[in-house]
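I opened this notebook to keep track of what I look up, one entry at a time. Each entry below begins with what I wanted to know and ends with what I found.

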Amino acid sequence: MSAPNRSNTNPPSFLLTGIPGLEVLRVWISIPFCITYIMALLGNILVLLAVGLDRSLHEPMYCVIAMLAIIDLVFSSAVVPSMLGVFWLDSREIGFEACFIQMFFIYTFAAGESGVLLAMSWDRYVAICHPLMYSAIVTGPGPSRQDRAAGSTIPLMCLLTSLPYCTSRVIPHSYCDHMAVVGLACADTATGHRYSLSVATLLVGTDSAFITFSYCMILRAVLRLPSHQAQLKALGTCGSRIFVILIFYIGGLLSMYLQTFTLGVAPHTQVLLADSYLTVPPMLNPLVYGMKLKQIQEGICKLLGQLAGPRRSQA
């Protein structure tokens with residue numbers, strides 16, 4: 001008997017369920033995700049335009065912030081529109097190739113965001129703890145970090161697309177999550193599981209360890225400041241950044257491990273956790289990393305003034 005080819009082992013499309021067990025509430029659940037996405041679009045576009053149009057902001061630190069805005073725009077846009085299509089229009093069907101393309105963008109840009117967050121935390125550590133040694137250590141982080149991200153994702157995509165999917169078409173998720181898709185394969189998936197867990201743990205673990213070290217050293221330096229007001233200001237800045245980083249890293253790892261190991265967590269809790277880690281950080285990043293900086297605030301005000309100028313002249 002000949003081995004089955006791809007046409008009769010892989011389905012032409014998959015079906016997304018949205019949030020298992022909460023289908024009745026999908027319209028109400030979609031509202032915060034829609035608001036979060038709109039705020040992420042507006043915030044990241046404003047930061048990107050402010051940095052891009054103001055020549056005084058063409059410095060390494062601001063370029064990295066602009067890069068984070070680009071990553072967040074792609075990161076959130078890869079998943080939220082399809083989620084809203086499931087919630088609002090019951091558009092649950094996603095093509096086989098489209099599913100893996102979405103998966104590639106999500107995990108490539110998630111890994112890229114991790115690299116940029118690492119570069120920014122290390123830059124602040126050197127600037128605050130070793131100011132005499134400070135240099136533009138984050139110059140040109142885009143190609144190197146995105147190459148690392150794509151290099152870690154492509155082998156996973158090759159493994160997943162080579163599997164035969166001949167059991168079920170239903171993905172119990174609101175987007176093409178790789179752990180949920182692997183669960184539909186009718187072949188040995190141990191290699192894919194081991195690779196994804198190893199890469200995620202190594203990549204995220206290494207990045208988060210260096211980020212933790214950076215902020216611990218920064219907090220140590222902040223607590224030695226003579227001014228109590230300066231301490232509070234610095235602690236507020238560090239605290240907001242640490243909060244966003246925790247959502248990104250802990251949410252991402254938990255969403256993966258909860259699907260890998262049976263811990264008795266309700267499916268809708270797992271899906272909501274995964275959806276939150278994909279949507280909340282892109283909304284908060286432009287507020288925490290961009291709009292809190294006085295130079296970017298001035299750039300945004302200048303941009304808004306230029307946009308309002310022609311309207312005033314027409315009036």
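Before looking at side chains I wrote down what a polar contact is: a pair of N or O atoms within 3.5 Å, where, within protein, one must be able to donate a hydrogen and the other to accept it. I also noted that this is a predicted model.

**Entry 1: Ser13**

With that definition in hand I looked up Ser13, and I found that the side chains of Ser13 and Glu93 are joined by a polar contact of 2.8 Å. The side chain of Ser13 also makes a polar contact, of 2.6 Å, with the side chain of Arg169. Ser13 belongs to strand 1, which covers residues 13–16. Is Ser13 buried or exposed? Its relative accessibility is 3%, and because buried means under 20%, Ser13 counts as buried. Leaving aside residues up to four places away in sequence, I listed what Ser13 touches, namely Glu93, Ile94, Gly95, Phe96 and Arg169.

**Entry 2: Leu16**

I stayed in strand 1 and turned to Leu16, which has a relative accessibility of 2% and therefore counts as buried as well. Setting aside residues up to four places away in sequence, I found that Leu16 touches Val86, Arg92, Ile94, Ile171, His173, Ser174, Tyr175 and Cys176. One of these, Ile94, is 78 residues from Leu16 along the chain, yet their C-alpha atoms are separated by 7.4 Å.

**Entry 3: the whole protein**

I then stepped back to count elements, and found eleven helices and three strands. Following the sequence, I read the pattern as α-β-α-α-α-β-α-α-β-α-α-α-α-α. The protein has 315 residues, of which 45% are buried. Among contacts with a separation of 6 or more, 80% are between residues 24 or more positions apart.

**Entry 4: helix 2 beside helix 3**

How do helix 2 and helix 3 pack? Helix 2 (residues 26–53) and helix 3 (residues 60–77) have axes 9 Å apart, at an angle of about 150 degrees. An angle over 145 degrees counts as roughly antiparallel, so helix 2 is roughly antiparallel to helix 3. The crossing of helix 2 past helix 3 is left-handed. On the helix 2 side the residues that make the contact include Tyr37, Leu41 and Asn44, and on the helix 3 side they include Tyr62, Ala69 and Asp72. Sorted by class, this contact has 14 nonpolar, three polar and one charged residues.

**Entry 5: helix 2 beside helix 10**

I next compared directions for helix 2 and helix 10 (residues 267–290), whose axes come within 9 Å and cross at roughly 30 degrees. Angles under 35 degrees count as roughly parallel, and therefore helix 2 is roughly parallel to helix 10. Helix 2 passes helix 10 in a left-handed crossing. Among the residues in this contact are Phe33, Gly43 and Asn44 of helix 2, together with Asp275, Pro282 and Pro286 of helix 10. I noted the classes here too, which are ten nonpolar, six polar and one charged.

**Entry 6: Asn44**

A polar atom of the Asn44 side chain lies 2.9 Å from the backbone oxygen of Pro282. Finally, I noted that the C-alpha atoms of Asn44 and Ile70 are separated by 7.3 Å, with the two residues 26 apart along the chain.

Methods:
Residues numbered from 1 in each chain as written. Predicted model: local features only at pLDDT ≥ 70, side-chain atom pairs only at ≥ 80, totals over all residues. Heavy atoms only, no water. Axes fitted to C-alpha atoms, helices over the stretch in contact; angles between N-to-C directions. Helix = DSSP H or I, 4+ residues; strand = E, 2+ residues; numbered from the N terminus. Parallel < 35°, antiparallel > 145°, perpendicular 65-115°, else oblique. Left-handed = near helix turned anticlockwise from the far one by under 90°. Contact = heavy atoms within 4.5 Å. Nonpolar A, V, L, I, M, F, W, Y, C, P; charged D, E, K, R; others polar. Buried < 20%, exposed > 50% of the residue type's maximum accessible area, 1.4 Å probe, protein only.
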